[in-house]
Amino acid sequence: MESSDHNAELVDEHRSQLIQRVTMVMPIADELLAEGMIHKEMYSNISAARTDEDKMRELFKALHSGGNKVKSAFLSTLRENEPHLVQDLEFHIKQGDQQENTSTATLKYKEFIRGEYATVQEYNSLPGEHVKLDDRYTEPLIIQKHRQQREREEEIRSRGQNFHHVMGQRDSEAYKSTKVEWLFDPDEHGDIQRTVILQGHSGTGKSFTSQKIMSDWAFGRLYEERFDFVFHLRCKELNQATGRKSLMDLLDYDQSSSSMIKQVLHQSPERVLFLVDGFDELKFSLDVPKDSLPRDPWTQCSPEVTLSGLIRKQILHESFLLVTTRSTALVEVVKHPVRYAEILGFSEEGVKVYFEKFFKQKQHSQQAYNSVRENETLFTACFIPVICWIICTVYREQFDEGTEMIQSLETTTSIFVEFVATLLKHHCQDLGQSALTILQGLGKLAEQGMEEQQVLFHHDSVSQTVSDPSKVPFLCKFLQKKRVSQTTMYSFMHLSFQEFFTALSYMLLGDEEAQEKVRELLSKVRHGLQHFHLLPIVQFLFGILNKEVAKRLEEKYISCSQGIWTQLKHFILEVIEKGKEDQIVRRTMQLFTFHCLYELHADDFVKEAMETYTDINMSGSPLKKTDCWVLMYCLQHCQSIECLELSGCNLTAENMKILLPALQKCKALVLQVDDLADDDLDGLLAALGEGKSLELDLRNTNVSEKVQDLLVALTKHKTRKVQIGVKSITRNTADKFMSLINKAHGVLDLIKLHSCGNVALSVQLQKDGVRAPQIVLWLKVPEMKMICDSIRTSGYSLTGVKLRVRRVADEGPFLYPTNNCYT
């Protein structure tokens with residue numbers, strides 16, 4: 001029986017509603033008067049009131065003076081006279097209590113989730129080590145459009161900046177780009193799908209995204225208005241479940257909230273989200289007869305039957321479901337309408353954000369990101385978050401140790417090997433195959449694809465080399481439309497991984513067979529541009545023979561053939577010798593050669609190979625930052641260099657700084673640098689040294705304060721050709737200009753000087769009957785006058801004078817070559 005205090009509290013709490021809604025006022029007052037609960041004077045006041053609301057106000061005065069006992073008697077009398085009114089009030093009271101209890105249970109559960117999901121352990125975490133989830137998680141690129149075959153090929157084949165441009169196209173409305181917070185929003189037709197399938201390749205961040213969803217919901221940053229409860233079911237953990245389990249048994253939650261969670265599941269399933277993470281990792285099949293599936297979350301069945309009931313919407317069909325998976329296996333299980341979305345990994349901006357989050361010091365994040373961005377293969381692979389983590393982890397260790405950048409630049413092969421080792425350890429334990437067996441199958445498939453220049457594979461051909469390919473994390477499985485049907489296809493994550501596994505496959509063969517395979521590969525590379533797509537395989541082979549990489553592979557029982565090493569050594573020495581005689585070989589193979597030597601990182605052999613060089617001509621080969629590091633590494637192993645030519649290489653001032661130590665070794669130097677500032681000149685002047693033959697092109701540079709220092713420094717060299725861009729000309733500059741001409745008389749062939757002028761002058765100087773340098777000037781009229789005055793004062797005569805005044809409509813500098821630095 002309810003206490004009078006409780007009843008009185010209820011009457012007081014709902015006073016306004018009772019005044020408005022009670023109609024049987026006088027019958028209630030009659031009973032209270034008969035029971036002696038109110039006095040006759042109060043009764044008379046109630047009776048005299050005109051309306052029911054006025055009568056109730058007078059009655060409440062009587063109830064208030066009588067205390068809790070009278071209020072309780074009033075509620076009992078009201079229940080007899082207007083039972084529906086009391087039931088309605090009690091229902092809303094009960095509902096309010098339930099909402100309060102639900103809110104309390106939700107808060108307790110969220111607190112539990114925040115403790116569980118706020119931090120993560122990384123692959124290399126020691127016991128007790130963890131990092132904050134928000135310090136690592138970076139939003140991935142998610143699209144909802146199925147791509148055509150040509151679009152997938154475009155993604156797989158493109159590299160570097162082109163690859164990220166393609167990814168930028170995917171991040172658009174045309175591909176239905178979306179975000180996690182929009183996954184349950186209405187589609188273009190206004191429909192809300194209660195099941196979302198989130199697919200993605202291994203290492204693209206599916207599980208990380210799942211953890212982020214749980215954490216953000218618990219912190220009130222995601223789905224707060226949509227879901228009262230979000231439950232996380234990890235399929236890897238469900239594999240360990242035994243016996244009969246209900247859905248409630250499989251959920252992970254604070255047991256003190258159990259009764260309220262049951263109530264919410266029963267009364268408000270539409271306020272619940274189930275997140276099933278890693279569906280492809282399930283060991284058991286969900287192909288269960290529909291009539292054997294449970295219909296509620298309390299029925300205990302085998303784990304596979306219970307999970308099948310949830311995914312197939314036999315349990316809590318009004319609830320919401322988010323399933324992450326690698327494969328397309330869910331197509332066979334889920335028959336009801338679903339929304340499909342695919343995680344593609346990081347966009348270019350995502351890669352940059354990840355680096356910024358990883359490193360505490362902005363300088364380190366910028367340095368690491370810039371280095372990787374210049375390495376086409378690694379920058380492409382960075383769309384995979386695990387690759388980003390490996391690279392950042394390696395760089396952080398080297399920053400902590402204070403390692404010099406030239407030493408800390410990791411080889412591409414070493415990063416790929418670490419990636420493969422990570423996936424083998426953490427994503428392949430349950431495949432029932434040895435790591436060696438998995439790698440052998442992948443290697444055969446990769447090699448076949450490279451021979452046929454094929455990047456997409458049909459299921460039948462893949463099954464011939466790879467056992468249970470849908471479970472192998474290095475392959476991507478997807479459905480492709482083929483006329484009126486569908487076909488299952490596979491690919492490697494990117495062409496670069498296919499090239500890597502091809503190189504690795506040779507190390508998994510017997511020594512004799514491996515040498516024969518490599519002999520065929522090198523023979524193809526030697527004979528024609530049509531086989532240049534095989535060059536990355538050769539470069540990966542050199543990387544695999546790197547001592548540190550080889551040691552890492554030996555942990556996986558992969559040994560590197562000495563016979564292959566001998567073949568590669570002869571091949572690279574042969575290419576070097578051929579490049580000295582054949583300009584086409586030099587242009588196409590020289591930078592590749594240096595990258596192979598860098599990947600090998602065998603100092604003794606690199607020294608042997610580089611000692612064969614007398615002249616190194618890189619002119620016409622654009623150099624990225626990574627190319628400069630590689631070139632610097634190789635040049636360090638040269639005792640001296642007769643001539644180094646670096647014109648037409650798009651060499652920036654920043655990249656030039658990398659090469660400065662090597663420039664000192666060069667007896668003759670042809671150098672073209674863009675974007676050089678005054679502050680960069682000191683380093684350049686120090687590196688140039690004295691006495692060397694020099695051709696210097698700084699025409700795409702504007703120096704001013706230090707131009708005199710530069711002109712003085714050039715007098716100490718056997719300067720042959722010089723092009724300099726300046727911001728302005730002073731009398732002092734003109735004097736130093738002529739001093740250079742005088743000192744280099746008989747050696748200097750050409751000197752060009754230009755600023756933002758509108759008068760062009762080309763002349764041939766002569767002095768004492770001896771032909772002197774050709775001068776080309778593009779200056780303002782006062783500057784031109786200063787130079788010409790200095791020329792006459794120095795005793796030079798002018799021949800072959802060509803003068804031109806630039807008009808507004810003129811384009812481009814007068815007499816400046818377009819394809820060659822010096823003419």
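Ala, Val, Leu, Ile, Met, Phe, Trp, Tyr, Cys and Pro are counted as nonpolar, Asp, Glu, Lys and Arg as charged, and the others, Gly among them, as polar. The model is predicted: local features need pLDDT of at least 70, side-chain atom pairs count only at pLDDT 80 or more, and totals for chains, interfaces and linings use all residues. Residues are numbered from 1 along each chain as its sequence is written, and side-chain values use heavy atoms, without hydrogens and water.

Points are joined across faces, edges and corners, and a volume is the space filled by probe spheres set on them.

The largest pocket has a volume of about 1,500 Å³. Its lining comprises 48 residues, with Y123, S207, F208, K236 and H427 closest to the centre. At least two lining residues come from each of α7 (83-117), β1 (119-120), α10 (206-218), β5 (229-234), α11 (235-238), α19 (385-401) and α21 (412-427). Helices (H or I, at least four residues) and strands (E, at least two) are DSSP runs, numbered from the N terminus. α10 gives the largest share, five residues. The lining holds 16 nonpolar, 17 polar and 15 charged residues.

The second largest pocket has a volume of about 850 Å³. It is lined by 32 residues; V394, E410, S414, E418 and R552 lie nearest its centre. Two or more lining residues come from each of α19, α20 (405-408), α21 and α27 (547-554). Here α21 supplies the largest share, eight residues. Twelve residues of this lining are nonpolar, eleven polar and nine charged.

Note on methods:
On a 1 Å grid over the protein atoms alone, a cavity is a set of points where a 1.4 Å probe fits but cannot get out, and a pocket is an open set with protein on both sides within 12 Å along at least five of seven lines; lining residues have an atom within 4 Å of a point.
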